[in-house]
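Notebook open, structure loaded. I'm jotting down what I look up as I go.

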Amino acid sequence: MLLRTLHLPKSEFEAGTGWTLKPEGACQGDVCVPLSQDAGESIDVESVAREIGLPLVAAPEHGLWALGPAWIGSRALTSAQAPDLRLPDLDGREFQLASLRGKKVLLFAWAPY
Amino acid sequence: MWQALRNELHPKGFELVTVGLDTLGNDGCRAFIEAAKPEHPSLIDRHHVLADLFGVINIPSSVWIDERGMIVRPAEAAPAPPRTATSPPGFAMPGAVPQRFIDIMSEAAKIRKDAAGYHAALRDWVEHGAASRFALPPEQVVERSRPRDRDHALGHAHFALATQLEIDGHHTAAIPHFRAAHRLVPESWTFRRQAWSLEKVGDGPLARFWQGPNPDAPEAWPYAGDWLADIRQSGAENYSEPWRP
C-alpha cells in the first residue's frame, strides 16, 4: 500500500492493507494480532505497522511511503478466498473481481515487455 | 488465441480477466490491448498488486477462481492455447534484428511449457467445476501459493515504492528500491523485467525489450543482472515451475 502521509483514517488503512482494526487487535480473516492500545479512528501507521509486522519503507524526500503485504502463514495466500482485487481498465474505470461471482474466472497476468 | 478460447468457453459461465503488469500503465499496454480488441475485462496493474495479492512472479501466469470467489488454482505458468490450423500466424520480427534479440528469443523458446496438459485441465474444470480433479481444495491452494516471509514482504514494499517514484518522474530515486526488491524477492522475474524495461536502449518499439546494458555505455547499467544474463544463468527451462495437475 502506498502512502503520502503516515496518519490515515482507519477506513483507508483497512481498505489499503486488508487488516480490520477491532478492539481485540488487528485482524485478517481468522488471525488477530493484539495491539498495545486501541488504534483509534486516526491511525499512526508506523506504530500499527510495527505491531502487526507489516514492513514500511520510505522515500521521505518525496513524501512517499509503502507498506508491504502481510506475510502471516508463510505463504502468499493466507486463504483460498480470492482477495478483493480492484484495478482500472484503459479508460480508467475501476473493475472489481468480485463482480464476476457466479462465473468461473481465469485471471491472466501478462506484460508488454 | 486466449480471446478465441474465452469466446468458446464464455457460454459455459467462464470469463477471462487479463491484467497487464506495467508501471508505464496505458502508455505501455494500450497498443497491445487495442490490437487484441478484448471482449473480456482487460485491466492495468501499475504496481503489480497481483504479486502482493496472489504471489505472481512471472508472466504469463494465471489464477483460477470459482463461482463462489474461491481460488482453485494459485498463480502458475499459463501457456498460450495450443495452436490450431486456424490460429493466426505468429508475430514476426522486422528485418535487421540485433543479435541480442535473436539470443533472447532463442532463450525464450526454451522456456518449458505444457500447453496441452494445462489447457486440457482448464477445459475439464470449466466442464465439471468442483468435481474436476484439477480444482484444488483450499488447503492445497494455500500450500501451493508462493512462499512469503518478512524479506519477501519488505521486497514488495520496496517494489511498490519504486513504481510510484517512477510514475512521479523520479526515475533515479526508484532504482535503489527496485534493486532492494530484486535482492529480497530473487525468484520474481516480473520485478526484474519491469525495472529492466524502464532502462530503454535506443528508441522505437524494441527499446523496452533490450533489458540489458547499452553496448555504448555498459557501465551505466544500474542492475546486478539483465534479461539475457539472468535467463542464461538460471536456465530458461527453469523460468517456470513444471506444470503439475
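**Entry 1: the helix pair in chain B.** A reminder to myself before anything else: this is a predicted model. I began with two helices of chain B and checked the handedness, and H7(B) passes H8(B) in a left-handed crossing. H7(B) brings Asp151(B), His152(B), Leu154(B), Gly155(B), His158(B), Phe159(B), Leu161(B), Ala162(B), Leu165(B) and Glu166(B). From H8(B) I got His171(B), Ala173(B), Ala174(B), His177(B), Phe178(B), Ala180(B), Ala181(B) and Leu184(B). Sorted by class, that contact has 11 nonpolar, five polar and two charged residues.

Next I looked at the axes. H7(B) covers residues 150–167 and H8(B) covers residues 171–184; their axes come within 8 Å and cross at roughly 160°. Because an angle over 145 degrees counts as roughly antiparallel, I logged H7(B) as roughly antiparallel to H8(B).

**Entry 2: a strand of chain A.** I moved on to E11(A), residues 104–110, and asked how many of its residues are buried. I found seven of seven, so I noted the strand as mostly covered.

Entry 3: Which strands of chain B does E11(A) join? I found E1(B), residues 14–21, running parallel to E11(A) and joined to it by seven bridges. I also found E3(B), residues 61–65, which runs antiparallel to E11(A) and is joined to it by five bridges. For individual partners in E1(B), I wrote down Val17(B) for Leu107(A) and Val19(B) opposite Ala109(A). In E3(B), Ile65(B) stands opposite Val105(A).

**Entry 4: the contact between the chains.** I counted both sides of the contact: 44 residues from chain A and 73 residues from chain B.

Entry 5: Pro60(B) lies in the loop between H3 (49–54) and E3 of chain B.

Ser74(A) has phi near 65°, and I placed Ser74(A) in the loop between E8 and E9 of chain A. Gln211(B) is another non-glycine, with a positive phi of about 50°. Gln211(B) is in the loop between H9 (189–197) and H10 (227–234) of chain B.

Is Ser74(A) buried or exposed? I count 12 other C-beta atoms within 10 Å, so Ser74(A) is exposed; the cut-off for that is 12 or fewer. What about Gln211(B), buried or exposed? I get 27 other C-beta atoms within 10 Å, so Gln211(B) goes down as buried, since 20 or more is enough.

How values were computed
Residues are numbered from 1 along each chain as its sequence is written. Chains are lettered from A and ligands numbered from 1 in the order in which they are written. This is a predicted model: local features need pLDDT of at least 70, side-chain atom pairs count only at pLDDT 80 or more; totals for chains, interfaces and linings use all residues. Helices (H or I, at least four residues) and strands (E, at least two) are DSSP runs, numbered from the N terminus. Two strands pair if DSSP finds at least two bridges between them. Two residues are in contact if their C-beta atoms, placed from the backbone, lie within 7 Å. Axes are lines fitted to C-alpha atoms, for helices over the stretch in contact, and angles run from 0 to 180 degrees between N-to-C directions. Angles under 35 degrees count as roughly parallel, over 145 as roughly antiparallel, 65 to 115 as roughly perpendicular and the rest as oblique. A crossing is left-handed if the near helix is turned anticlockwise from the far one by less than a right angle, and right-handed if clockwise. Ala, Val, Leu, Ile, Met, Phe, Trp, Tyr, Cys and Pro count as nonpolar, Asp, Glu, Lys and Arg as charged, and the others, Gly among them, as polar.
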